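Subject: Structure handover

Hi,

Here is the structure I promised to pass on. Please open it and keep it beside this email while you read.

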Amino acid sequence: MDVQIFGVKKNADTRKALRFFSERRVRTQFVDFKVRSPSLGELRRFAQKFGAQDLINREAQRLDDLGLRHAQLSDDQWLEKLAEEPLLLRMPLTRYQNYVTIGPAEEEWRQWSVVAD
């Protein structure tokens, strides 16, 4: 079972996800947004399940810094902005095969391990 975790190491929820899988001896591939921004195609995969609006971290200070707190953008515009500014994303984004989650989702992660067995 290989799980991809997208986020930044300074994010508490990202660290929780890394720890969750590490404690269960699940191999992970960590993609650090500080090193590599997410591709538009990768973000679309998450947006297909949850919608582009659910990808946005509404608590992020970066929204104010960029003047986007009250922006009315289309989903495609938001996805482009999120690809350029990954610190606006809710983290972590996790993926296992065709399953994806946004933010901490331990219950769903536990179900993945059942599917993998």
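Start with strand E3, residues 93–96. The model is predicted. Leu93 and Arg95 point one way from E3. Thr94 and Tyr96 point the other way. All four of these side chains belong to buried residues. The general rule is simple: in a regular strand, side chains alternate between the two faces of the sheet.

E3 has partners. Strand E1 (residues 2–7) pairs with E3 in the antiparallel sense, over 3 bridges. Within that pairing, phenylalanine 6 has leucine 93 as its bridge partner. Strand E4 (residues 99–102) also pairs with E3 in the antiparallel sense, over 4 bridges. Here tyrosine 96 has tyrosine 99 in E4 as its bridge partner. Arginine 95 stands opposite valine 100 in E4.

Now look at the turn. E3 and E4 form a hairpin, with 2 residues between the strands. Glutamine 97 sits in that turn and has a positive phi of about 50°.

Arginine 95

Is arginine 95 buried or exposed? Arginine 95 has a relative accessibility of 16%, so it counts as buried. The cut-off for buried is under 20%. What does its side chain make a polar contact with? The partner is the side chain of glutamate 42, at 3.5 Å. Leave aside neighbours within four places in sequence, and arginine 95 still touches a list of residues. Among them are Asp2, Val3, Gln4 and Phe6. The list also includes Arg45, Phe46 and Trp112.

Threonine 101

Next, move to E4, where you will find threonine 101. Threonine 101 is buried, because its relative accessible area is 1%. Its side chain makes a polar contact with the side chain of tryptophan 109, at 3.0 Å. Beyond its neighbours within four places in sequence, threonine 101 is in contact with residues including Phe46, Phe50, Pro92 and Trp112.

The aromatic rings

How many aromatic pairs does the structure hold? It holds 9. Two of them deserve a look. A pair of aromatic rings is described by the distance of the centres and the angle of the planes.

Take phenylalanine 20 and tryptophan 109. Their ring centres are 5.3 Å apart, with 55° between the planes, and the pair is tilted. The two residues are 89 residues apart and link distant parts of the chain. Phenylalanine 20 is in helix H1 (residues 12–23), and tryptophan 109 is in helix H6. Both residues are buried.

Then take phenylalanine 21 and tryptophan 112. Their centres are 6.3 Å apart and their planes are at 15°, so this pair is stacked. This pair also links distant parts of the chain: phenylalanine 21 is in H1, tryptophan 112 is in H6, and they are 91 residues apart. Phenylalanine 21 is buried, with a relative accessible area of 1%. Tryptophan 112 counts as buried too, at 1% relative accessibility.

Charges over rings

Which residue lies over the face of phenylalanine 20? It is arginine 24, at 3.7 Å from the ring centre. The charged end of arginine 58 sits over the ring of tryptophan 78, 5.5 Å from its centre.

Helix H5

Tryptophan 78 brings us to helix H5, residues 75–84. Trp78, Leu79, Leu82 and Ala83 are buried in this helix. Why do they lie on the same side of H5? They cover an arc of only 135° around the axis, which puts them there. An α-helix has 3.6 residues a turn, so residues three or four places apart point the same way. What do the buried residues of H5 pack against? They pack against helix H2 (40–50), helix H3 (52–55) and helix H4 (61–65).

Alanine 105

One last stop. Alanine 105 lies in the loop between E4 and helix H6 (106–116). It is buried, with a relative accessible area of 16%. Alanine 105 and aspartate 65 are 40 residues apart along the chain. Their C-alpha atoms are separated by 28 Å.

Best wishes

Terms used. Residues are numbered from 1 along each chain as its sequence is written. This is a predicted model: local features need pLDDT of at least 70, side-chain atom pairs count only at pLDDT 80 or more; totals for chains, interfaces and linings use all residues. Side-chain values use heavy atoms; hydrogens and water are left out. Buried means under 20% relative accessible area, exposed over 50%, partly exposed in between (1.4 Å probe, protein chains only). The arc is that of the directions from the helix axis to the C-beta atoms. Contact means heavy atoms within 4.5 Å. A polar contact is a pair of N or O atoms within 3.5 Å; within protein, one must be able to donate a hydrogen and the other to accept it, and residues adjacent in sequence count only if both atoms are side-chain atoms. Two strands pair if DSSP finds at least two bridges between them. Rings of Phe, Tyr and Trp (its six-membered ring) pair if their centres lie within 6.5 Å; planes under 30 degrees apart count as stacked, over 60 as edge-to-face and the rest as tilted. A charge sits over a ring if NZ of Lys or CZ of Arg is within 6 Å of the ring centre and within 35 degrees of the ring normal.
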